[in-house]
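Keep the structure open beside you as you read.

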Amino acid sequence: MIVNKEDALYFSVVDYIIKDKTFRKTANFQHHGTTRLRHSMRVSYLSYKIAKKLGLNQKVAAISGLLHDFYLQDESKGFSNFMKFQKLHPKIAAANAIKHFKVSDKEKEIIETHMWPFTKPSKSLEGWIVSLTDKTVGAYEYSIKFRKALSYRLKKKQSQI
Ligand SMILES: [Fe+2]
Ligand SMILES: [Fe+2]
């Protein structure tokens with residue numbers, strides 16, 4: 001990520017979260033083929049930029065985007081099934097965000113609703129930005145993961161010819 005003057009403003013908003021020891025543990029968990037920390041930072045940064053462009057509350061977008069997946073469980077081990085995971089992890093992330101960073105009611109609601117349509121839709125435009133950015137970033141991360149897997153298989157096949 002390139003840090004220019006505008007990016008420096010973004011980091012001044014989220015600095016206290018990024019430096020937090022507990023939050024940094026999200027770097028230890030795989031998420032869409034990357035780490036949960038990296039995924040969360042992508043969602044946060046893009047949400048911040050979009051909210052700013054639209055004249056919305058970019059601080060709320062940045063913070064709730066960064067904390068939307070703030071849970072410290074392995075997806076495969078911590079949750080017994082797909083549907084349970086989709087509905088439960090936003091609640092865990094919101095509870096962690098309140099406990100560690102005392103997020104506002106609006107930020108809490110955005111985190112709780114980011115998994116729409118598995119959850120209720122957000123009441124705020126910033127919430128829609130975070131939810132849609134999460135899906136876009138997730139699709140991007142999955143595409144990289146599958147491209148890597150595909151090129152590995154192709155290389156393996158070529159070496160057998
Ligand atoms: Fe999520
Ligand atoms: Fe996410």
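The bend at a residue is the angle between two fitted axes, one through the seven residues ending there and one through the seven starting there. Keep in mind, too, that the model you are looking at is predicted. With that in hand, find helix 1, where Ser-12 marks a bend of about 45 degrees. This helix runs over residues 5-18, 14 residues in total, and spans 18 Å between its first and last C-alpha, close to the 20 Å expected at 1.5 Å a residue.

Which residues of helix 1 are buried? They are Tyr-10, Val-14 and Ile-17.

Leaving aside residues up to four places away in sequence, Ile-63 touches Val-14 and Ile-17, along with Val-103 and Glu-107. Ile-63 also belongs to the largest nonpolar core, a set of 29 residues; it is among those that touch the most other members, together with Ala-61, Ala-62, Leu-66, Leu-67, Ala-93 and Ala-97. At least two residues of this core come from each of helix 1, helix 3, helix 4, helix 6, helix 7 and helix 8 (125-160). Helix 3 contributes the most, with eight residues.

Now look along helix 7 (residues 105-113) for Glu-112. Is this residue buried or exposed? Glu-112 is buried, because 21 other C-beta atoms lie within 10 Å, and the cut-off for a buried residue is 20 or more. Outside the four places on either side in sequence, Glu-112 touches Pro-90, Lys-91, Ala-94 and Thr-119.

Finally, step back to the whole chain. Eight helices and two strands make up its secondary structure, arranged along the sequence as α-α-β-β-α-α-α-α-α-α. The radius of gyration is 17 Å, close to the 15 Å that the globule rule gives for 161 residues, so the chain is as compact as a globular protein of that length. Its C-alpha atoms fill a box of roughly 60 × 40 × 30 Å along the principal axes. Of the 161 residues, 35% count as buried. Among contacts with a separation of 6 or more, 57% join residues 24 or more positions apart.

Conventions. Residues are numbered from 1 along each chain as its sequence is written. Chains are lettered from A and ligands numbered from 1 in the order in which they are written. This is a predicted model: local features need pLDDT of at least 70, side-chain atom pairs count only at pLDDT 80 or more; totals for chains, interfaces and linings use all residues. Helices (H or I, at least four residues) and strands (E, at least two) are DSSP runs, numbered from the N terminus. The expected span of a helix is 1.5 Å times one less than its number of residues. A residue is buried if 20 or more other C-beta atoms lie within 10 Å of its own, exposed if 12 or fewer, and partly exposed in between; C-beta atoms are placed from the backbone. Two residues are in contact if their C-beta atoms, placed from the backbone, lie within 7 Å. A nonpolar core is a set of buried Ala, Val, Leu, Ile, Met, Phe, Trp, Tyr and Cys residues joined through C-beta atoms within 7 Å. The radius of gyration is taken over C-alpha atoms; the globule rule is 2.2 Å times the number of residues to the power 0.38.
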